[in-house]
Amino acid sequence: MDITLQNVVFIIVAIFISVFSVLTVTTKKIMRSVTYLLFVLLGTAAIYFLLGYTFLGAVQIMVYAGGVVVLLVFSIFLTKADENLNIGIKIKKVLPILLTVLIGGGLIFFIIFTHNFLPMASTDAIEELNMKTIGFALVGGGKNQYILPFEAIGVLLLACIIGGLLIARKR
Amino acid sequence: MGVELYLVISTIMLCAGIYGFLIRKNTLAMLISVELILNAADINFAVFNKFLFPNQLEGHFFTLFAIGIVAAETAIAIAIIINIYRNVQSLDVDKIDKMKH
């Protein structure tokens, strides 16, 4: 792997994501956990940018960093969730879980590195995905176009708003 | 730089998410772990699309719709968690056993 700007950025993003995703599940305070989750989500957006999917990266930042994380922070403020998260976790419980995760992860790594993937596209010059292409594919009704899921997700979000109001309202 | 390196990142994220989901007792912390798992799956869709099928956009749009569904799922989950907190005064999963007996 030769040293190009893209590879350097990729390695930085990879280390960033790995460190912060481990910190998210091991830290003591839930507020810190959410902050590290935000960093992981921003790193994921950086990966989408690296792949040339800039629209996807923008959506990731808007929906996750702007919506989901704010929602999580609000619910932390509304509940009394400021105690130590690692309290009451015994080493007898940690070991089997850690073993499960490590064996599962090792298995996935084994499969990734022994599997022969299809001939890969050249990644030397990744060009940005055209916005016009996305727009036509998203609201077109033909083959490889996605008007139906687009409408379905609109209905789903409406149902989600009504459901959320019904569940969380005061009786 | 191949598809494997991207998959390594998403595998680490997935394993961290599973570990957190199994070990945390706080419902909000478990929800955060679920976000990690879903995010790892999203990365995989985008990466497979870009490297193995660069002339199509299935993975791209699947990720796009998955992000929308994750937002809906989180909103509903937080509504349920707040409702539980109102009834039980706790977020600990060990204390949520009102419907058990």
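Biologist: How far apart are the end C-alpha atoms of α2(B)?
Modeller: At 1.5 Å a residue, the 26 residues of α2(B) should span 38 Å. Helices here are DSSP runs of H or I with at least four residues, strands are E runs of at least two, and both are numbered from the N terminus; the expected span of a helix is 1.5 Å times one less than its number of residues. The expectation agrees with the distance between the end C-alpha atoms of α2(B), which is 38 Å.

Biologist: What kind of model is this?
Modeller: Residues are numbered from 1 along each chain as its sequence is written, while chains are lettered from A and ligands numbered from 1 in the order in which they are written. Local features need pLDDT of at least 70, side-chain atom pairs count only at pLDDT 80 or more, and totals for chains, interfaces and linings use all residues; this is a predicted model.

Biologist: Back to that helix: how many residues of α2(B) are buried?
Modeller: A residue is buried if 20 or more other C-beta atoms lie within 10 Å of its own, exposed if 12 or fewer, and partly exposed in between, with C-beta atoms placed from the backbone. By that count α2(B) is mostly covered. Out of its 26 residues, the buried ones number 19.

Biologist: What is the radius of gyration of chain B?
Modeller: Chain B has 3 helices and 0 strands. The radius of gyration is taken over C-alpha atoms, and the globule rule is 2.2 Å times the number of residues to the power 0.38. For 101 residues the rule gives 13 Å, so chain B is more spread out than a compact globule, with a radius of gyration of 17 Å. Along the principal axes, its C-alpha trace spans about 55 × 25 × 20 Å, and that radius, again, is 17 Å.

Biologist: What is the radius of gyration of chain A?
Modeller: Chain A has 6 helices and 0 strands. The globule rule gives 16 Å for 171 residues, and chain A is well over that, so chain A too is more spread out than a compact globule, at 21 Å.

Biologist: How far apart do the centres of the two domains of chain A lie?
Modeller: Chain A is divided into domain 1 (5-129) and domain 2 (130-171), with bounds from an automatic or database domain assignment. Their C-alpha centres are separated by 25 Å.

Biologist: Which helix gives the largest share of the side of chain B that touches chain A?
Modeller: Taking contact to mean C-beta atoms, placed from the backbone, within 7 Å, 56 residues of chain B are in contact with 64 residues of chain A. Each of α1 (3-23), α2 (27-52) and α3 (58-88) of chain B supplies at least two residues of that side of chain B. The largest share, 20 residues, comes from α3(B).

Biologist: How many nonpolar residues does that side of chain B have?
Modeller: Ala, Val, Leu, Ile, Met, Phe, Trp, Tyr, Cys and Pro count as nonpolar, Asp, Glu, Lys and Arg as charged, and the others, Gly among them, as polar. The side of chain B that touches chain A has 12 polar and 5 charged residues, and its nonpolar ones number 39.

Biologist: Which residue of chain A does B:V47 touch?
Modeller: Leave out residues up to four places away in sequence. B:V47 then touches B:V3, B:Y6 and B:L7, and from chain A, A:L51.

Biologist: Is B:Q89 buried or exposed?
Modeller: B:Q89 follows α3(B), and its phi is near 65°, a positive value in a residue other than glycine. With 10 C-beta neighbours inside 10 Å, B:Q89 counts as exposed.

Biologist: Where is A:N144 found?
Modeller: Phi of A:N144 is also positive, near 60°. With 10 C-beta neighbours inside 10 Å it counts as exposed. A:N144 is found in the loop between α5 (131-138) and α6 of chain A.

How values were computed
Two residues are in contact if their C-beta atoms, placed from the backbone, lie within 7 Å.
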